[in-house]
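Open the model in your viewer and keep the sequence panel beside it. The tour below goes from one selection to the next and says what is found at each stop.

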Amino acid sequence: MREMGEIWLALEIGNSRLHWALFIGETLYSAWDTDHIAESVIQQLAKCQTLDHLLLAISPPHQKIREENTSSSPSSSSSPSSPSSPSSPSSPPPLLVASVVPSQTAIWQTYPNIRVITLDQVSLKGVYPTLGIDRALALWGAGKMWGFPMLVIDAGTALTFTAADANQCLVGGAILPGLGLQFATLGQQTEQLPLVEMQNFPSLPPRFALNTTGAIQSGVIYTILAGIKDFIEAWLQLFPNRKIAIKGGDRTLLLNYLQALYPEITVRLIVEPNLIFWGMREIVMGDE
Ligand SMILES: Nc1ncnc2c1ncn2[C@@H]1O[C@H](COP(=O)(O)OP(=O)(O)O)[C@@H](O)[C@H]1O
Ligand SMILES: CC(C)(COP(=O)(O)O)[C@@H](O)C(=O)NCCC(=O)O
Ligand SMILES: [K+]
């Protein structure tokens, strides 16, 4: 960033939704999620005169899904998301984008001050060309924050495991359908299976079910949990002083289940939804 206290926006474009962060220099001021945004809305952003207008356009209050204010000094301004900084920009703030959805990246190109992060800008060693930028950045952010070796579990649209060794070199990882995708696929690709809604089961379902919905819940949840446990155990055997972080929209649900089934491995998990933003900040600050 050009100035220490400059306001900038970070955007992670995931396959289900958008993940946003507002930074003032190195400080993450707030973070929130929204649905994907229509091209017509994005085209209007260049005309926004104030930061408040811009934030309102990208995340109208009814659309905001998660919001977390991390600033120690809450703002007294009218909008809860915008910092009370006196230097509200007259043009839209710089926008840093990390996207695993190229069609969405394309429609953001009209934003006046955009920088799209590519894999070559992440200093992680040993990456392969098609590695998702979200996986690279989350791993980089986690490793820079808590140290390497690091394993990142991303419970997003896809569930991914991505690991690096003490030399900050990619060890590798794995990709499987995320929780929501598993339920959706069963509901959509079969004649007789219903679409199971996840919010309906906050606690662990019975293992052996006597109805169809229960059987789907049991099958998906217990095998995902067993899979996560197995990857964690394999990782723990690989290196000394290794760490594990978890992010993604299903992290809280999965953590609650993991806590109930495998409390001894769950205590080892660093839970951090903002890993990608820590990775982006490393890149921005590295430019100075
Ligand atoms: N309000 C929500 N909208 C969409 N997905 C949600 C929401 N809350 C939790 N989720 C869960 O988040 C998962 C997607 O994770 P997320 O990290 O947002 O994905 P991505 O980064 O791939 O867009 C879905 O499987 C879904 O179950
Ligand atoms: C695996 C992913 C689809 C995960 O995306 P997400 O679930 O976070 O939307 C994404 O990281 C991706 O498209 N990766 C490219 C393939 C790879 O990482 O090997
Ligand atoms: K993601």
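Select helix H5 (residues 179-189) and colour its buried residues, Leu179, Gly180, Gln182 and Phe183. These buried residues pack against strand S7, strand S9 (170-177) and helix H6. Buried means that 20 or more other C-beta atoms lie within 10 Å of the residue's own; exposed means 12 or fewer, partly exposed is in between, and C-beta atoms are placed from the backbone. Helices (H or I, at least four residues) and strands (E, at least two) are DSSP runs numbered from the N terminus.

This is a predicted model, in which local features need pLDDT of at least 70 and side-chain atom pairs count only at pLDDT 80 or more, while totals for chains, interfaces and linings use all residues. Residues are numbered from 1 along each chain as its sequence is written, and chains are lettered from A and ligands numbered from 1 in the order in which they are written.

Next, select strand S7 (residues 150-155) and pick out Asp154 in it. UniProt, in an unreviewed entry, lists Asp154 under "binding site"; UniProt positions are given in the numbering used here, feature names are shortened, and annotations may be inferred rather than shown by experiment. Is Asp154 buried or exposed? Asp154 counts as buried because 28 C-beta neighbours lie inside 10 Å. Leaving aside neighbours within four places in sequence, Asp154 is in contact with Arg135, Ala138, Leu159, Thr160, Lys247 and Gly248. Contact means that the two C-beta atoms, placed from the backbone, lie within 7 Å.

Now show ligand 2. Of the 14 residues around it, Asn15, Gly132, Gly156, Thr157 and Ala158 come nearest; a residue is near a molecule if its C-beta atom, placed from the backbone, lies within 6 Å of it. Helix H4 (133-146) and strand S8 (158-164) each supply at least two residues of this shell. By class, the shell has four nonpolar, seven polar and three charged residues. Ala, Val, Leu, Ile, Met, Phe, Trp, Tyr, Cys and Pro count as nonpolar, Asp, Glu, Lys and Arg as charged, and the others, Gly among them, as polar.

The unreviewed UniProt entry also places "binding site" at Tyr128, Gly132, Ile133, Asp134, Arg135 and Thr212; select these together. They span 85 residues in sequence, and the farthest two C-alpha atoms are 41.0 Å apart, so they do not all gather at one spot.

Take two of them in turn. Ile133 is in helix H4 and is buried, with 23 other C-beta atoms within 10 Å. Not counting residues up to four places away in sequence, Ile133 touches Ala98, Ser99, Val100, Ile117, Thr118 and Leu119. Thr212 lies in helix H6 and is exposed, with 12 other C-beta atoms within 10 Å. Apart from neighbours within four places in sequence, Thr212 is in contact with Leu193 and Pro194.

Ile221, Leu225 and Ile228 in H6 meet Leu254, Tyr257, Leu258 and Leu261 in H7. By class, this contact has seven nonpolar, no polar and no charged residues.
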